[in-house]
Amino acid sequence: MPFLELSLLFIAGLAAGAFGTLVGGGNLLTIPLAIFLGYSVHQSLAINRMGTVGLTLSGYYKFNQKKLVNHKIALFITFFAIPGAYLGTKLVLEVSSSTLEKIIGVMILVMVLFTLLNRNLGMEEKRLSKRHFLKRRLLFLQARPAIII
């Protein structure tokens, strides 16, 4: 691996880790960079997922030290995230690279616009009931196939 490419990936990993922990969305940096460096879309997603493991573990460790982790909600989300990630990976591997590039591009634009239009997003702590959370989760699961297609 050339030094310049390795250096860019190292810097992107640091930036994505800091950005991802601060506000979320480190994927907005790492996936496009990996594609720019010539990795296939599928490889870029795999690289990103592996990097997310480190981000998640180190973030959890520090947040847990400060007693900021709500373990009940975290375990509930994890319960659905694991099979969701497995199914999502199976689905992504069935989608062509050209279609996947378009989906990633559109999703990045949607996330950027959503963030810009919702200036107070994440600024206020909300208390949500389990019922509210389940309803949102079901809506997301129903919308997911439509997003991919």
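What percentage of the 149 residues of the protein count as buried? I found that 15% do, where buried means under 20% relative accessible area, exposed over 50%, and partly exposed in between (1.4 Å probe, protein chains only).

**Basis.** I worked from a predicted model, in which local features need pLDDT of at least 70 and side-chain atom pairs count only at pLDDT 80 or more, while totals for chains, interfaces and linings use all residues. Residues are numbered from 1 along each chain as its sequence is written, and side-chain values use heavy atoms, with hydrogens and water left out.

**Fold.** I counted 6 helices and 0 strands; these are DSSP runs, H or I of at least four residues for helices and E of at least two for strands, numbered from the N terminus. I also looked up contacts (heavy atoms within 4.5 Å). Among those between residues at least 6 apart in sequence, 60% join residues at least 24 apart.

**Core.** I looked for nonpolar cores, that is, sets of buried Ala, Val, Leu, Ile, Met, Phe, Trp, Tyr and Cys residues joined through side-chain atoms within 4.5 Å. The largest has 6 residues: I31, V41, L45, V95, L100 and I104. Helix 3 (41-65) and helix 5 (97-117) each supply at least two residues of this core. Leaving aside residues up to four places away in sequence, I104 touches I31, V41 and L45.

**Helix 4.** I followed this helix over residues 71-94, which number 24. From first C-alpha to last, helix 4 reaches 34 Å, close to the 34 Å expected at 1.5 Å a residue; the expected span is 1.5 Å times one less than the number of residues. I noted a bend of about 25° at A81, with a proline, P83, following within four residues. The bend is the angle between axes fitted to the seven residues ending at a position and the seven starting there.

**Aromatic pairs.** Rings of Phe, Tyr and Trp (its six-membered ring) pair if their centres lie within 6.5 Å; planes under 30 degrees apart count as stacked, over 60 as edge-to-face and the rest as tilted. Why is the pair of F76 and F80 edge-to-face? Their ring centres are 5.1 Å apart and their planes lie at 75°, so the pair is edge-to-face. Both residues lie in helix 4, 4 residues apart, about one turn of the helix. The rings of F79 and F80 have centres 5.3 Å apart and planes at 85°, so this pair is edge-to-face.

I recorded F76 as partly exposed at 31% relative accessible area and F80 as partly exposed at 25%. F79, at 59% relative accessibility, counts as exposed.
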